[in-house]
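Hello,

Here is the structure I said I would pass on. My notes on it follow below.

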Amino acid sequence: MTKLTLTIDGSAAEKARLVAQRRQTTVDCLVQSLIESLSADDDGAAGQRACEALDESFRLVSAPLGGKPWNDRDELYDR
């Protein structure tokens, strides 16, 4: 295991200690979990999931506009 030294504000350290205490863990474990989640997101999986969710939302809310679907631009201007 690699050791890491952090320099943070005293109030931030106290907040981290209180959060760790509420979660019944240590500040070291909180920091390790954060770093692991960052590296997991960095592999692009989170971005891929976000893109898939966006595509799905476009599919769900898309509706044809107007009364007639046009095949090409010329049909649009035929009146």
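**Overall layout**

From the N terminus on, the elements of the protein chain run α-α-α-α. The model is a predicted one, and its chain has 4 helices and 0 strands. Of the 79 residues, 3% count as buried.

**Helix α1**

Helix α1 covers residues 10-22, which makes 13 residues.

The structure holds 1 salt bridge. Its partners are R17 and E14, with the closest N and O atoms 2.5 Å apart. Both residues belong to helix α1, and because they are 3 residues apart there, about one helical turn separates them. R17 has a relative accessible area of 39%, which makes it partly exposed. E14 also counts as partly exposed, at 35% relative accessibility.

A13 is another residue of helix α1. Its relative accessibility is 32%, so A13 counts as partly exposed. The C-alpha atom of A13 is separated by 8.6 Å from that of V27, although the two residues are 14 apart along the chain.

Which residue just after α1 takes a positive phi? The residue is Q24, with a phi of about 55°. Q24 is not a glycine, yet its phi is positive. Q24 sits in the loop between α1 and α2, the latter being residues 27-42. With a relative accessibility of 74%, Q24 counts as exposed, because the cut-off for that class is over 50%.

**The largest pocket**

The largest pocket holds about 350 Å³ of space. Its lining consists of M1, T2, K3, L4, L6, V27, D28, V31, Q32, I35 and E36. By class, 6 of these residues are nonpolar, 2 are polar and 3 are charged. V27, one of the lining residues, is also the residue whose C-alpha atom lies 8.6 Å from that of A13.

**If you want to look at specific places**

- The R17 to E14 salt bridge, with its closest N and O atoms 2.5 Å apart.
- Q24 in the loop between α1 and α2, for its positive phi of about 55°.
- The lining of the largest pocket, including M1, L4, V31 and I35.

Regards

Technical notes
Residues are numbered from 1 along each chain as its sequence is written. This is a predicted model: local features need pLDDT of at least 70, side-chain atom pairs count only at pLDDT 80 or more; totals for chains, interfaces and linings use all residues. Side-chain values use heavy atoms; hydrogens and water are left out. Helices (H or I, at least four residues) and strands (E, at least two) are DSSP runs, numbered from the N terminus. The expected span of a helix is 1.5 Å times one less than its number of residues. On a 1 Å grid over the protein atoms alone, a cavity is a set of points where a 1.4 Å probe fits but cannot get out, and a pocket is an open set with protein on both sides within 12 Å along at least five of seven lines; lining residues have an atom within 4 Å of a point. Grid points are joined across faces, edges and corners, and a volume is the space filled by probe spheres set on the points. Ala, Val, Leu, Ile, Met, Phe, Trp, Tyr, Cys and Pro count as nonpolar, Asp, Glu, Lys and Arg as charged, and the others, Gly among them, as polar. Buried means under 20% relative accessible area, exposed over 50%, partly exposed in between (1.4 Å probe, protein chains only). A salt bridge is a side-chain nitrogen of Lys or Arg within 4 Å of a carboxyl oxygen of Asp or Glu.
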